[in-house]
Amino acid sequence: MAVKVPKGGKEAGVLMRCDQCSMSLPGGCTFRGICGKDPDLNSLQEALIYGIKGTAAYYYHAYELGYKDDEIGFFLSKALYSTLTNVNFDKNRFLELILENGRIHLKAMELLDKAYTETYGNPEPVKVPTGTDEGHGILVTGHTYRALYELLKQIREMGLEDQIRVYTHSEMLPAHSYPEFRKFKSLYGNWGGSWVYQRKEFTEFPGAILGTSNCVQQPPKSYADRMFTTDIAGLEGVPHLENDYEPLIKRALETPKMEKRDDGYIVTGFHHTNVLPLMDKLIELINEGKIRHVFVIGGCDVPNPKMSYYEKLTAMVPEDAIILSAACGKFRYNRRDYGEIEGIPRFMDFGQCNNVYSIIQIAGALAKELDVGLNELPVSIVLSWMEQKAIGILYSLLYLGIKGIYIGPKAPEFFTPNIFETLRKKFDLRLISEPEEDLKRMLNSTTAVSEDSPLLD
Ligand code: SF4
Ligand code: SF4
C-alpha cells in the first residue's frame, strides 16, 4: 500500500507522550522521542494498540467458548511487538498493520459469531419485555453470554426458577434472541438502557446485579452491597465470582420481590441467518424504489451531548429507508415504532457490537444480488464510538475498502491531525456534523467501496 503520510513532529502542532522505555524524558517524551519517534508515529502505534484491544475482547469471548484461531493470536503478538522501542519507525508499515488489524478483527467477529451460534443457536427476532415480573430479581450487564448461561443453569439446578427473574441490561439484551437462552424460565426481560445510565438504573433495580465485562462503573453506595462481578470485569470492593454464582443468587433472595409491571417491549435478534432469507423481498423493494436507502447506524453510547445527533438522525430517516443497528448506542433510539415496508422492519437490531459481522454479510450479499458494484449500493454507515472494540470495527470497514463512513461523536484523540487527514483522504472518513446536513449528503450519495475490496471477491 502506498500512502503518503505527512511529516509529523512540531509541524503537526500536537504533542505526544510516551514513557515506555528507560530513555524517556522525565514525565515522558513529548514532541519527539529520544529514540526518534514523532507524534504521528506515536499516534499510529497507539491506534494499532487500541485496535488490537478491541480484537482481543472478541477473541477472548470466542476463546472462552472453546473457539481458537492461531492467526488471530499471532497477530495480537505481532502488533504489540511492532510497537516496542526501536522496532519500526515506518509509518506506512503501521498503516498497513492497522488495515491488517481490520482483517483480523473481522476474523475475530466471524469466529465469535460461530462460537455464539454453535453454542446457543441461531438468533431469531424476539420481543423482549421491558417491564418486570413477580419475583426476586437479578440484573446481568456486559457482553459475556457464558456467564449469563451459567447463572441461569445454576438457578435451575437450585430449584429457584419460579422465584427468581433474570433481566438483561445494555449489551446483554440480545441473549434473549438465542434459542438456548430462551429455554430458561427465569430469563424474563430487559431493564434499562445503555451503560451510560447504569448508576441510576442499578440504584432503581431492587435485586442483585452482575457485571460481566465492559461497561461497568464503580458502584455508589446505593447498590454496592448488591453488586458482583465475574469473568473479565472487576470493581474495587465488589465480590468477584468465577463460575459459582451461588453468592449472587443467595443475595438476590435477600432483596425485595419485584412486582408484575407491563411496560411494552424491545425487538432484537436480527442476524444474517434470518435476514438473508428475506433477500428476494429486499431486492424487489429496492428495485421498485420502495426502499430507497439503507442506513447502518450503530456503535457505542457515550455520555456526550453530541450523541443527540444519532437520536435526531434516526428520527429523520425517511419512510422509504431502513436502519440496521447494533451495540449499545441504539438504546437512544430503539424504543420507537419504525413500522415496516411490506413486511420488512424499518429498524433491525442485530445485537451486540460484534454482530456488525452480520450486517457486513448482508451488505456483501445485497451487492451481489443487485449485481452492482458496492460503489453503487445505497448504503450509509454512521458509527458512534466510545471504546476500542468500535475502533476495531472501524478498521474492519476500512480494510473492506468502505469509504465515506461517518464517525462521532468526536474524532479519536489518538489520531494526530496529520493521521486523521491521511485517513480522510484515503477513505473519505467523515466526522458527523449536523443531522439535517449529513442526511441530505447521505441520501444523495452511495457508499464508495474500493474496487479491490475483499467484499467483491
Ligand atoms: S520509546 Fe522513544 S519516545 Fe518512547 S519513551 Fe522510549 S525514547 Fe521516548
Ligand atoms: S458497545 Fe461499547 S460502550 Fe456499549 S457496552 Fe459495549 S463496550 Fe461499552
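**A covered strand and its sheet**

Mentor: β3 is mostly covered, with six of its six residues buried; buried takes 20 or more other C-beta atoms within 10 Å of a residue's own, with C-beta atoms placed from the backbone. Strands here are DSSP runs of E, at least two residues, and helices are runs of H or I, at least four, numbered from the N terminus. Mind that this is a predicted model, where local features need pLDDT of at least 70 and side-chain atom pairs count only at pLDDT 80 or more, while totals for chains, interfaces and linings use all residues. Residues are numbered from 1 along each chain as its sequence is written, and chains are lettered from A and ligands numbered from 1 in the order in which they are written.

Trainee: Which residues of β3 sit on one side and which on the other?

Mentor: I164, V166 and T168 are on one side, R165, Y167 and H169 on the other, and all are buried. In a regular strand, side chains alternate between the two faces of the sheet.

Trainee: What's the strand order in the sheet?

Mentor: It's an open sheet of six strands, β4-β3-β2-β5-β6-β7, with parallel pairing. Two strands pair if DSSP finds at least two bridges between them. β4 (187-190) and β7 (240-241) are at the edges with a single partner strand each, so one side of each has no neighbour in the sheet.

Trainee: How many bridges join β3 to β4, and how many join β2 to β3?

Mentor: Three for β3 (residues 164-169) and β4, six for β2 and β3. Y167 stands opposite G189 in β4, and L139 stands opposite Y167 in β3. Going from β2 to β3, the chain passes through α4, and this β-α-β crossover is right-handed: with the strands pointing away from the viewer, the path from the first strand over the helix to the second runs clockwise.

Trainee: OK, ligands. What surrounds ligand 1?

Mentor: Among the residues around it are C18, C21, C29 and C35, plus D19 and K37. Around means the C-beta atom, placed from the backbone, lies within 6 Å of the molecule. The shell has six nonpolar, four polar and two charged residues. Nonpolar covers Ala, Val, Leu, Ile, Met, Phe, Trp, Tyr, Cys and Pro, charged covers Asp, Glu, Lys and Arg, and the others, Gly among them, are polar.

Trainee: And which residues come nearest to ligand 2?

Mentor: C215, C300, A327, C328 and M386, of the 14 around ligand 2. By class, that shell has seven nonpolar, three polar and four charged residues.

Technical notes. Buried ≥ 20, exposed ≤ 12 C-beta atoms within 10 Å, placed from the backbone.
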